[in-house]
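Hi,

Here is the structure I promised to pass on. Have a look at it first, and then read on for what I found.

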Amino acid sequence: MRQNAYAGQCADCGVEVGPQGGFRIGFGEDGFTVCAEHRPTPPPRGEHEGWHTGPLASLDFETTGVDPWSDRIVSYAALGPDGRDLIGRVNPQVPIPDKASAIHGLRDADVAAAPSPVVALRELSAWVDDLVARWVPLVVFNAAFDLTVLRTELWRYRLSQPRWDALLVIDPFVVDYGIERGRLGSRRLVDVADYYGIAIENAHDAACDARVARDVAIELGARHRRVIREEARLAMAQQRFWAARRTMDFNRFAMRRGRRLEPIPDWPFAPAP
Ligand SMILES: [Zn+2]
């Protein structure tokens, strides 16, 4: 949660809050300040059963950039529901831009001796198919990025695609937005993890991010019974709606500012460029 840069009044109790004395929640004219005591907190955990109490897999990639259509996988972590994990690096066959290295710390020399992507991609495709066959939901934080990257990489090397249409996906980025509707501002994995009290030791390490995303998903399922469908199948429809609503909220804002509108997403994939 961001500390407030400027003095203000707590939106909850009205007390004066000095610079850095509390938190600034949300953005621009929709944003508000709260005192340290009134920082937003999630509801308590419930005892109910749901997809969050069953087996869950988790996936994360570090890549050469932020465009899921042209950027490549550099490292991957596919955490299985039973502790059988696929974790590794690949040589992306293209240079890693400095901007991307600054995020995940992997440079060309670190992946020069790593295998070509084909071996890992084949394994990952089979791994996703195995989840589909076993009806295990896959947690991916901002799935529209990582799943589009994987699908595009499989196309690029002419490898077979898993049964995407039968895959159950839980996307904590979309679920968090759906619950809060942007009230708490833009929330990256570190922000959402912090909110739910989950430690993140090594952000932008694929295995760490995948583990944290799964822990966050479990907290979301346990703490938001009224908004989260207990069946992963229904949660798919709910997340498609939330992903679309997020874009519509963004476009309302973009329209006021004269910015370019975003296409309605094809969650759990990114809209075509
Ligand atoms: Zn207050």
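Cover here goes by contacts, meaning C-beta atoms, placed from the backbone, within 7 Å of each other. Helices (H or I, at least four residues) and strands (E, at least two) are DSSP runs, numbered from the N terminus.

Before going further, a word on the model: it is predicted, so local features need pLDDT of at least 70, side-chain atom pairs count only at pLDDT 80 or more, and totals for chains, interfaces and linings use all residues. Residues are numbered from 1 along each chain as its sequence is written.

Back to H5, which spans residues 172–180 and has seven of its nine residues buried. A residue is called buried if 20 or more other C-beta atoms lie within 10 Å of its own, exposed if 12 or fewer, and partly exposed in between, with C-beta atoms placed from the backbone. The buried residues of H5 are Pro172, Phe173, Val174, Val175, Asp176, Tyr177 and Gly178. Arg181, just after the helix, has a positive phi of about 45 degrees.

Since 14 of its 18 residues are buried, H7 is largely enclosed by the rest of the structure. Is Asp209 buried or exposed? It is buried, with 25 other C-beta atoms within 10 Å. Beyond its neighbours within four places in sequence, Asp209 contacts Asp60, Phe141, Leu189, Ala203 and His204.

Now for the nonpolar cores, each a set of buried Ala, Val, Leu, Ile, Met, Phe, Trp, Tyr and Cys residues joined through C-beta atoms within 7 Å. The largest has 59 residues, and Leu138, Val140 and Ala213 touch the most other members. H7 supplies the largest share of this core, with nine residues. Another core, of six residues, lies apart from it and includes Cys10, Phe23, Ile25 and Val34. As for Val140, leaving out residues up to four places away in sequence, it touches Leu59, Asp146, Leu147, Val169, Asp171 and Ala213.

H8 holds Arg246, and this arginine counts as buried, with 20 C-beta neighbours inside 10 Å.

Finally, the overall picture. The chain has eight helices and nine strands. Its radius of gyration, taken over C-alpha atoms, is 20 Å, close to the 19 Å that the globule rule gives for 273 residues, so the chain is as compact as a globular protein of that length. That rule is 2.2 Å times the number of residues to the power 0.38. Of the 273 residues, 37% count as buried.

The chain divides into domain 1 (8–38) and domain 2 (49–273), with bounds from an automatic or database domain assignment. Their centres, over C-alpha atoms, are 31 Å apart. An unreviewed UniProt entry lists "domain: Exonuclease" at residues 55–226, in the numbering used here, though such annotations may be inferred rather than shown by experiment.

Enjoy exploring it!

Terms used
Two residues are in contact if their C-beta atoms, placed from the backbone, lie within 7 Å.
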